[in-house]
Amino acid sequence: MKDERSLTVKDSKMFDMLTRHSRNRYRIIVLSLIFVTSIYVFLNKRNWAWYNRSSGESICETPEPEMKDLIALATDTRDVLHGLKMTYFLIYGSLWGALRHNRPLAWDNDFDIGLVYEELKDKGLEQKLYKELQKKNIKIYYRLWFGTYRVTRDTARGDLMIYRRNYFDTCVRLGMESWVFFVNYRKYHQFPCRLIKKPLPSMKFSKVNFTVPREGNEIQKHFYPEDWWVESKPSGC
């Protein structure tokens with residue numbers, strides 16, 4: 001009888017210890033979920049445009065040799081896209097440069113061009129695009145995470161960003177990142193597909209005409225909803 005009581009007390013203590021352990025583990029799991037969710041919400045709500053990033057030093061003007069490489073790469077890329085009769089259009093900072101200065105922004109170090117996914121898929125243009133760019137000594141590779149083609153030559157680089165049409169006639173970016181941070185991408189990286197309906201208008205981008213989205217700066221209101229009317233420059237410029 002005494003042994004049974006002793007065993008019951010031990011069982012009770014063991015049960016209490018396991019209960020406390022389970023509660024502590026539950027609290028840790030809940031706090032971890034709250035922390036991860038908070039970080040995820042923060043990352044999704046923020047506009048990660050380059051001018052919102054803090055850096056140690058600001059470059060207010062890209063050196064002339066690098067700017068020449070940038071313009072040459074953008075021009076040759078444009079010639080290939082135009083020759084293949086692809087839909088292409090300046091976007092993001094490159095479009096701001098064309099709209100405001102008819103050239104790349106003074107501090108820009110790359111260019112951004114939008115492409116249409118349905119053309120690349122249905123017309124089998126991807127292989128032709130690779131081949132024609134390589135003829136001009138332009139390196140090209142696809143970045144799965146971002147859903148973009150990166151083109152490089154000499155000191156210059158550019159991004160060819162791919163958009164697909166969804167069921168709501170909205171053009172959205174490809175890439176794994178657009179699924180992981182879908183809230184951010186829905187807020188800052190999509191626009192009505194009517195803005196890239198052919199025929200597209202053209203605008204000077206340095207010495208060459210590039211096609212641009214319809215309705216002037218309307219597409220930028222979707223990319224920069226909080227400050228599209230402000231000419232943002234690198235910190236200190």
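1. Disulfide pattern. Counting bonded cysteines along the chain, the disulfides of this protein follow the pattern 1-4, 2-3. Please keep in mind that this is a predicted model. The count comes to two disulfides, and each is worth a look in turn.

2. Cysteine 60 with cysteine 237. These two are joined at an S to S distance of 1.9 Å. The link is left-handed, with -90° about the S-S bond. It ties together distant parts of the chain, 177 residues apart: cysteine 60 sits in the loop between α1 (2-45) and α2 (64-83), and cysteine 237 in the segment after α8 (218-223). Cysteine 60 counts as partly exposed because its relative accessibility is 34%, and cysteine 237 is partly exposed too, at 39%.

3. Cysteine 171 with cysteine 193. Here the S to S distance is 2.3 Å, and the link is right-handed, with 125° about the S-S bond. Cysteine 171 belongs to strand β6 (residues 170-173), while cysteine 193 lies in the loop between β7 (190-192) and β8 (202-205), 22 residues apart. Cysteine 171 has 3% relative accessibility, so it counts as buried; cysteine 193, at 2%, is buried as well.

4. A nonpolar surface patch. Tyr142, Leu144, Trp145, Phe146, Met176 and Val180 make up this patch, which together has about 510 Å² of accessible area. Methionine 176 is in helix α6 (residues 176-180) and, with 40% relative accessibility, counts as partly exposed.

5. The annotated span. An unreviewed UniProt entry places "domain: LicD/FKTN/FKRP nucleotidyltransferase" at residues 85-121. In the model, that span is 41% helix and 24% strand, and its end C-alpha atoms lie 14 Å apart.

Note on methods: Residues are numbered from 1 along each chain as its sequence is written. This is a predicted model: local features need pLDDT of at least 70, side-chain atom pairs count only at pLDDT 80 or more; totals for chains, interfaces and linings use all residues. Side-chain values use heavy atoms; hydrogens and water are left out. UniProt positions are given in the numbering used here, feature names are shortened, and annotations may be inferred rather than shown by experiment. Helices (H or I, at least four residues) and strands (E, at least two) are DSSP runs, numbered from the N terminus. Patches are made of residues with over 30% relative accessible area and no salt bridge: like charges are joined within 9 Å, nonpolar side chains (Val, Leu, Ile, Met, Phe, Trp, Tyr) within 5 Å. Accessible areas come from the Shrake-Rupley method with a 1.4 Å probe; for residues, only the protein chains shown count as cover. A salt bridge is a side-chain nitrogen of Lys or Arg within 4 Å of a carboxyl oxygen of Asp or Glu. Buried means under 20% relative accessible area, exposed over 50%, partly exposed in between (1.4 Å probe, protein chains only). A disulfide is a pair of cysteine sulfur atoms within 2.5 Å.
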